[in-house]
Amino acid sequence: MSIGKTVSVRRASSFFAIMMVVMLTLMMISTTAVFAAGSEQQNTDQTSEESQNKAIIDAISNAPIVETINQVAEEGDNSYYMLTLSGHVVATFENERDAKDVIQIIDDHFAHTEIEGAVITTEPELKVERVRVESKDDYPEFDDVNDTVTYLVRGDGDTVYFTNEGDTLWDVALAYGVNVDDVVKLNPHIDPEVLGSGTRVIVQKAQPLVRVKIEYDEVVEKKIKYRTVEKETEDLTEGVKEVYQEGYAGYALSTERVTLINGQEYSREEIDREIISEPQDTIILIGTSEPVEEVEEEEEVEEEIEYYEEGEEEAEAEAEAEAIAAAGESSETESVESESVAAPYSGGALAWPLSGDVTYGFGYRTAPIAGASTYHEGIDICAPYATPICAAASGTVTLAGWHYGYGYAVIIDHGNGLSTLYGHCSSLGVSVGQNVSTGQVIAYVGSTGISSANHCHFEVRENGTAVDPYNYL
């Protein structure tokens, strides 16, 4: 901040008074020198001109001229100091030191920063001006240094309005000629629709008279929010929603221009952005296909009993044929149609139906969601939506459709009383009665039925009773 100072000129009366003192002193010295010269002329020889000049110089040197001038200046120095802002007086002080202290305090508190590259400006400029008066009786009322600093950097205070019954923020903004949106921002704690009587509303924030502005650039890491997108699909029943893809936030390095006014953050504006990682949207699938009628439990039981009886008859026929061959009997047996009946299970390991983490094992557990069983009759293999599910072994499909809490499911009979179940599928790739081979795609991962996330519920059953799949995998 620069400090301006008005150079005062002595009053004419003081000047003339000083000159009169000087002249009288010189006249007295001259008269003394003349009388001395005349007396010496009568008694002794005439003194030389050089001696007279020396006497005059010595007399002037010994006279109290400087003291007289200082005394007159001191007696006539009735001054005080004004602090001005763009030509307007904002404070008055008895001495120059107080006026300069105001400027120095503001400078020390707000016009210094250790931030590299910061730009500091002060608007408007403060100046100190000297004012002369006839006497100290003409002095104005002087201001306090600290009060003046507070006034300059904070202003006169907020403009506040206390509402009457029936007032709205729109009424208040209109009365003061301000934007209603600005009033709403200044009063985030107030419900614009319900003011009541006596509510304190800030209409305008106090504006500082002196603005020490510091601007600098700052790089900050920012999170980029992800969106939630809904998409329709015929693979799901109408009214069913399923999370196809989980979303996550992205990150960016944002360069922001920060502005401080009198030490307080005034604004922050993004001037550049570098994407570090993009966000991923959450995708929710919404079913549009007609609901599939559920198969009655009694019909399923009858179908399974009928199937097992056929299997037993086939097994008996094959055993009989083997016995005849062992006895050396040569007889022809009728071939057995195998298109709709699974070959006997020959034992050995089952193949994993898909790759993924096992989130729940076989046995007792805490139900993950409402409606889920506390005794888990299989294992849950987690995988992304629509991941292919393969047959764990060759066999015949005995169920392909909606199966109670399993949602869309597939059951394959592998012979000798062994079957596997694949539940919560998003869609199916086989139908009842179809023969499948090991590794053949039979369905796709989903979250239908009583399920909390995309996965395949895999069961192994021995004669209809669920057993631990790890015994076979």
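These are my notebook entries on a predicted model, taken feature by feature.

**Entry 1, salt bridges.** I looked up the salt bridges and found that the structure holds 11 of them. I started with D217 and R257, whose side chains meet with 2.3 Å from N to O. D217 lies in strand 7 and R257 in strand 10 (residues 250-261), so this pair ties together parts that are 40 residues apart in sequence. I then checked the cover on both partners. D217 has a relative accessible area of 44% and is partly exposed. R257 is partly exposed too, at 33%.

Next I took D281 and R227, where the closest N and O atoms of the salt bridge are 2.6 Å apart. This pair links distant parts of the chain, 54 residues apart. I placed D281 in the loop between strand 11 (264-277) and strand 12 (282-289), and R227 in the loop between strand 7 and strand 8 (228-237). Are D281 and R227 buried or exposed? D281 counts as buried, because its relative accessibility of 18% is under the 20% limit. R227 counts as exposed, at 54%.

I also noted a network: salt bridges that share partners join E218, K222, E256, E265 and R268. The last pair I wrote down was R97 with D98, with the closest N and O atoms 3.8 Å apart. R97 is exposed, with a relative accessible area of 55%.

I looked for charge on the surface and found a negative patch made of E141, D143, D144 and D147. I located D143 in the loop between strand 4 (126-132) and helix 5 (145-154). At 36% relative accessible area, D143 is partly exposed.

I then looked for nonpolar side chains on the surface. V219, Y251, L253 and I276 form a patch there, and together they have about 340 Å² of accessible area. V219 is part of strand 7 (residues 211-224). I recorded V219 as exposed, because its 55% relative accessibility is over 50%.

Most residues other than glycine have a negative phi, and most peptide bonds are trans. I listed what departs from this. Which peptide bond is cis? I found the one from E123 to P124, with omega near -20 degrees. P124 sits in the loop between strand 3 (119-123) and strand 4.

Y404 is not a glycine, yet its phi is positive, about 50 degrees. I found Y404 in the loop between strand 18 (395-402) and strand 19 (408-415). Y404 is partly exposed, at 34% relative accessibility. N416 also has a positive phi, near 55 degrees. N416 lies in the loop between strand 19 and strand 20, and it is exposed at 58%.

I followed strand 22 (residues 441-445) to its partners. It runs antiparallel to strand 17 (residues 388-390), and 3 bridges join the two. In this pairing C390 stands opposite V441. Strand 20 (residues 418-428) is also antiparallel to strand 22, again with 3 bridges. Here S427 stands opposite Y444.

I looked up G196, which lies in the loop between helix 7 (180-186) and strand 6 (200-204). G196 is partly exposed, at 28% relative accessibility. How far apart are the C-alpha atoms of G196 and D167? I noted 7.4 Å for this pair, which is 29 residues apart along the chain.

Note on methods: Residues numbered from 1 in each chain as written. Predicted model: local features only at pLDDT ≥ 70, side-chain atom pairs only at ≥ 80, totals over all residues. Heavy atoms only, no water. Patch = residues over 30% accessible without salt bridge, like charges linked within 9 Å, V, L, I, M, F, W, Y side chains within 5 Å. Areas by Shrake-Rupley, 256 points an atom, 1.4 Å probe, with all protein chains shown as cover. Salt bridge = Lys/Arg side-chain N within 4 Å of Asp/Glu carboxyl O. Lys, Arg positive; Asp, Glu negative; His and termini not counted. Charge placed at Lys NZ, Arg CZ, Asp CG, Glu CD. Helix = DSSP H or I, 4+ residues; strand = E, 2+ residues; numbered from the N terminus. Buried < 20%, exposed > 50% of the residue type's maximum accessible area, 1.4 Å probe, protein only. Pairing = 2+ DSSP bridges.
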